[in-house]
Amino acid sequence: MEKDKKLSRREMLSLSSAGAATLVGAALVGKAEAKPGNKAGDAALPQVPRRVLGKTGQTIPILLFGGAVGLDPRFDPKLAEAMRFGVNYIDAADCYGGGTCETSVASFLKRTKMRDDVWITSKSDRHDPSGFKRTLATSLRKLRTNRIDMYYLHALQDADRLSKDMERTVAQLKKEGKIRFFGFSCHHGNVAELVQRASELPWIDSVMFRYNFRKYGDKELNKAMDAAHKSGVGLIAMKTQGSEYSFRDAWRKFQKNSKWTKHQAVLKAVWDDKRITAAVSAMDTLGKLRQNIAAAVDKSKLSAAEYQSLERYAADTRAMACDGCDHICNPKVDAPVQIGDTMRYLMYHDVYGEPDKAKTLFRSLPQVAQNLSSVDFRAAEAACPHGIKIAENMARAAKLFIA
Ligand code: SF4
């Protein structure tokens, strides 16, 4: 996340709890929504608003704690702080944190005795019914719980995985009380197709999908979102920052015209869309967490000028934002490279500040996909709808991840 120069609203929440209670309560919103008996939520602090997650009928905060950040395995203070403001939803996955995310969440919940007050979502990288069940069993063990609130197929690409067999498996797991709800996450090039498919399958409770300010004009995706929303599929946005690297000049231009940081503004823009229940955000520092909370508890909407500024920002940075649609570019290359994945790892390196994770993920690709030298990317570049400089980025990936 960028170093912010503006301090007013976002830094109010970085004050001591007493100070925050007074200042934020007065300046932003005052009424806590923490329920009696619910340990999550400090009644003295403004609470992040909540919305109903589609057909689940459950209310969740509009800001969700993304567990893809490193969590302290003994007791994570970021989670504790999130809970105080009503962010009692943790988005985990079997693979996050190199497989340590779920055990860290378990440690936190054991210490705080908050299992019944916290919504846990986790995900399986295995998309076949028996693999899915095995991963779930591992997740339950690592989380030290007997039920997971939402269990997703993680990073789904193949719509055929939403099969009758999977439907039966999900029904059985729900009956056994091991999962309350089911869905999938998706962020590759066929997000619209998958969201549309979810709208047609009554057993899909929720979808977490790549959605951000760059997608407002995407007719196919908007049509799919309308259908999913109408059929009660709870929609959760991820990748709300719209991928970026070396956008600093564009940031500065954006922030000149807004009281919000770009990071806060793009979240507010997502929350403005009432089809979306919540946005998940990887908040790896208390500063980021407090900035996001400040944006969430402030009920004002982005102004027309701020929206225009965001649109300009999107246009200015379009040629730097990979959309993961590698069904377009990969086939244009006469080599088994994985451009979309490699671009994503560059994002982890450049934007998320996770160079080790980026390198590890890249090195887990098949050896042939790591061989980026002597590959001609010109046809792929010509096909890319965003005009991404693919060759330049692949050369950078080779330098960063292989050398
Ligand atoms: S490089 Fe372009 S075509 Fe390839 S995945 Fe990214 S945006 Fe899509």
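How many helices and strands does the chain have? The chain has 19 helices and ten strands. Helices here are DSSP runs of H or I with at least four residues, strands are runs of E with at least two, and both are numbered from the N terminus.

Before the details, two remarks on the source. Residues are numbered from 1 along each chain as its sequence is written. This is a predicted model, where local features need pLDDT of at least 70, side-chain atom pairs count only at pLDDT 80 or more, and totals for chains, interfaces and linings use all residues.

Confidence comes next. pLDDT is the predictor's confidence in each residue, from 0 to 100. The mean pLDDT of the chain is 86, with 87% of the residues at 70 or more. Over residues 1-37 pLDDT stays under 50, and there the model has 57 contacts beyond four places in sequence. Two residues are in contact if their C-beta atoms, placed from the backbone, lie within 7 Å. Looking at contacts in the chain with a separation of 6 or more, 75% are between residues 24 or more positions apart.

Of the 403 residues, 45% count as buried. Buried means 20 or more other C-beta atoms within 10 Å of the residue's own, exposed means 12 or fewer, and partly exposed is in between, again with C-beta atoms placed from the backbone.

K113 lies between α5 (101-112) and β5 (119-124). Its phi is near 55 degrees, a positive value in a residue other than glycine. K239, in the loop between β9 (234-238) and α10 (248-256), also has a positive phi, near 55 degrees, and is likewise not glycine. Is each one buried or exposed? K113 counts as exposed because it has 9 C-beta neighbours inside 10 Å. K239 has 23 inside 10 Å, so K239 counts as buried.

Last, the helix α15 and two of its partners. Axes are lines fitted to C-alpha atoms, for helices over the stretch in contact, and angles run from 0 to 180 degrees between N-to-C directions. Angles under 35 degrees count as roughly parallel, over 145 as roughly antiparallel, 65 to 115 as roughly perpendicular, and the rest as oblique.

The axes of α15 (residues 339-350) and α16 (residues 355-363) come within 7 Å and cross at roughly 160 degrees. The two helices are therefore roughly antiparallel to each other. On the α15 side the contact involves T342, Y345, L346, Y348 and H349, and on the α16 side P355, K357, A358, L361 and F362. By class that gives seven nonpolar, two polar and one charged residues. Ala, Val, Leu, Ile, Met, Phe, Trp, Tyr, Cys and Pro count as nonpolar, Asp, Glu, Lys and Arg as charged, and the others, Gly among them, as polar.

With α19 (residues 390-402), the axis of α15 comes within 10 Å and crosses at roughly 60 degrees. So α15 is oblique to α19. From α15 the contact includes I339 and M343, and from α19 it includes I390, R396 and F401. The residues of this contact divide into nine nonpolar, three polar and one charged.
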